[in-house]
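Open the model in your viewer and keep the sequence panel beside it. The tour moves from one selection to the next.

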Amino acid sequence: MATSMASKTWRACVCGALLLTASPVFAAPSEAERETAHKFMDEGVARMKANNPERALEAFLKAHEIMHVPTTGVAVAKAHLAAGHLVEAREAAVDVARTSKEGKEPKVFEKARKEAREIEGQVKGRIPTVKIHVRGPTPTVVMVDGVDVPIALITEPVPVNPGKRVITAKAADGTEGKTEFEIREG
């Protein structure tokens with residue numbers, strides 16, 4: 001399969017970024033790791049072009065796990081957004097926007113931070129929230145779509161993605177309640 005010009009440009013930016021910066025928190029990836037990350041990025045770009053953001057996200061997450069740079073992070077945010085994961089898109093965008101400039105870094109890093117701030121601004125007002133009120137025994141576990149919600153957040157607005165959601169509450173005495181609902185953006 002031929003590599004597209006955009007893919008080559010992306011690869012050059014990521015490779016150049018690795019050569020110019022070194023994070024004190026993460027050891028610089030090896031050549032083999034960089035090559036693997038490049039393959040994941042190419043795969044993600046191809047999957048985005050094929051309108052398959054869920055699969056693109058898988059590839060971008062793998063690349064970001066290796067690279068930990070703004071360009072891979074913003075790719076993760078874009079894939080989450082394309083997949084309708086507004087909460088995760090905003091979280092990924094905020095993480096990228098908050099990365100600090102380190103030394104003489106490539107211009108694409110600042111461009112990625114700018115894109116991340118734009119994504120954060122786009123989705124911030126679109127994320128719906130729910131307030132969870134539990135009747136009956138005090139819950140020991142509350143989950144939205146299988147993900148634990150800290151008990152301290154019960155009755156506070158909890159951000160959720162649009163679509164069908166399931167809230168489950170479990171009490172110490174073994175009782176369990178479950179509700180399903182659909183929520184729209186905003």
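Select L86, A89, A92, A93, V94 and V96 in α5 of this predicted model. These residues are buried. Now show their surroundings. What do the buried residues of α5 pack against? They pack against α4 (70-82) and α6 (107-124).

Stay on α5 and pick its end C-alpha atoms. Helix α5 covers residues 86-97, 12 residues in total.

Is N51 buried or exposed? N51 counts as exposed, because its relative accessibility is 66%, and the cut-off for exposed is over 50%.

Move on to D145. Look in the loop between β2 (139-144) and β3 (147-148). D145 is not a glycine either, yet its phi is positive, near 55 degrees. At 35% relative accessibility, D145 counts as partly exposed.

Finally, zoom out and color by secondary structure. The protein chain has 6 helices and 6 strands. Along the sequence they run α-α-α-α-α-α-β-β-β-β-β-β. Switch to a surface view. The chain exposes about 11,000 Å², with carbon and sulfur atoms supplying 54% of it. Of its 186 residues, 37% count as buried. Now display contacts. Among those with a separation of 6 or more, 58% come from residues 24 or more positions apart.

Conventions
Residues numbered from 1 in each chain as written. Predicted model: local features only at pLDDT ≥ 70, side-chain atom pairs only at ≥ 80, totals over all residues. Heavy atoms only, no water. Helix = DSSP H or I, 4+ residues; strand = E, 2+ residues; numbered from the N terminus. Expected span 1.5 Å × (residues − 1). Buried < 20%, exposed > 50% of the residue type's maximum accessible area, 1.4 Å probe, protein only. Contact = heavy atoms within 4.5 Å. Areas by Shrake-Rupley, 256 points an atom, 1.4 Å probe, with all protein chains shown as cover.
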